[in-house]
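The tour below moves from one pair of side chains to the next.

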Amino acid sequence: MKKLMSIAIVLVTVFALMIPVFSSAAPASADSGETLWVNCSNGLRLNLRAEPSTRARLVRRLDNGTSVEVMDNLGNGWLYVMANNSSKDHGYVMAKFLQEKKPGKYEITEREDRIVAVTPYMVTAKALSRTDERSVGLRTRPNKTSAAIRRLEAGDQLKVIARGKTWSKVVDPLTGRTGFAANDYLQVI
């Protein structure tokens, strides 16, 4: 009996931990005419397909942050959509890569293979605003929703070892840890 209860508790815990993962995806009941937004993990682009299959012909690739209008919900994880308000940009996408609100600049994960090594240089963290000495979080991945290593303060020094379009890979001399910080909040010393 104890073994059965332990298994039940583990299963309930696993399902409870998965709720945030499912809630960020497009709703299973996406309606025709609804606008959703592309947000693929790791900065990848979303494949718009000619048929509802991962093996179907590629129509085009949609960038993160692109809005799509749902034309039909097939109910099997695929949606028929129109992208860019263009009748020629229509096809099938996997619903799990869409969300209800437009992702912010730092919500989209930048692909780590697009963050290229540079000759290391020092930067300081800039304040979030004129009235706040806090700065951005030093993150484990190039995404504002990833785990924070620590909250930076304005003036904290970091060593940039790789740079991407939106994020830089940095070493924190204070903790010795390597992480990621948003480029807009870094200033070269």
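A salt bridge is here a side-chain nitrogen of Lys or Arg within 4 Å of a carboxyl oxygen of Asp or Glu. In this predicted model, the structure holds four salt bridges.

Begin by selecting Arg-60 and Asp-89, which form a salt bridge whose closest N and O atoms are 3.1 Å apart. Arg-60 lies in strand E3, whereas Asp-89 belongs to the loop between strand E5 (78-83) and strand E6 (90-94), so the pair ties together parts that are 29 residues apart in sequence. If you now display the surface, Arg-60 counts as partly exposed at 34% relative accessibility, while Asp-89, at 7%, counts as buried.

Next, select Arg-45 and Asp-63, whose side chains meet in a salt bridge with an N to O distance of 3.9 Å. Because Arg-45 sits in the loop between strand E1 (35-38) and strand E2 (46-49), and Asp-63 in the loop between strand E3 (58-62) and strand E4 (67-73), this pair ties together parts that are 18 residues apart in sequence. Arg-45 is partly exposed, with a relative accessible area of 45%, and Asp-63 is partly exposed as well, with a value of 43%.

Finally, move to Arg-150 and Asp-156, a salt bridge in which the closest N and O atoms are 3.2 Å apart. Arg-150 is buried, with a relative accessible area of 18%, and Asp-156 also counts as buried at 18% relative accessibility.

Methods. Residues numbered from 1 in each chain as written. Predicted model: local features only at pLDDT ≥ 70, side-chain atom pairs only at ≥ 80, totals over all residues. Heavy atoms only, no water. Helix = DSSP H or I, 4+ residues; strand = E, 2+ residues; numbered from the N terminus. Buried < 20%, exposed > 50% of the residue type's maximum accessible area, 1.4 Å probe, protein only.
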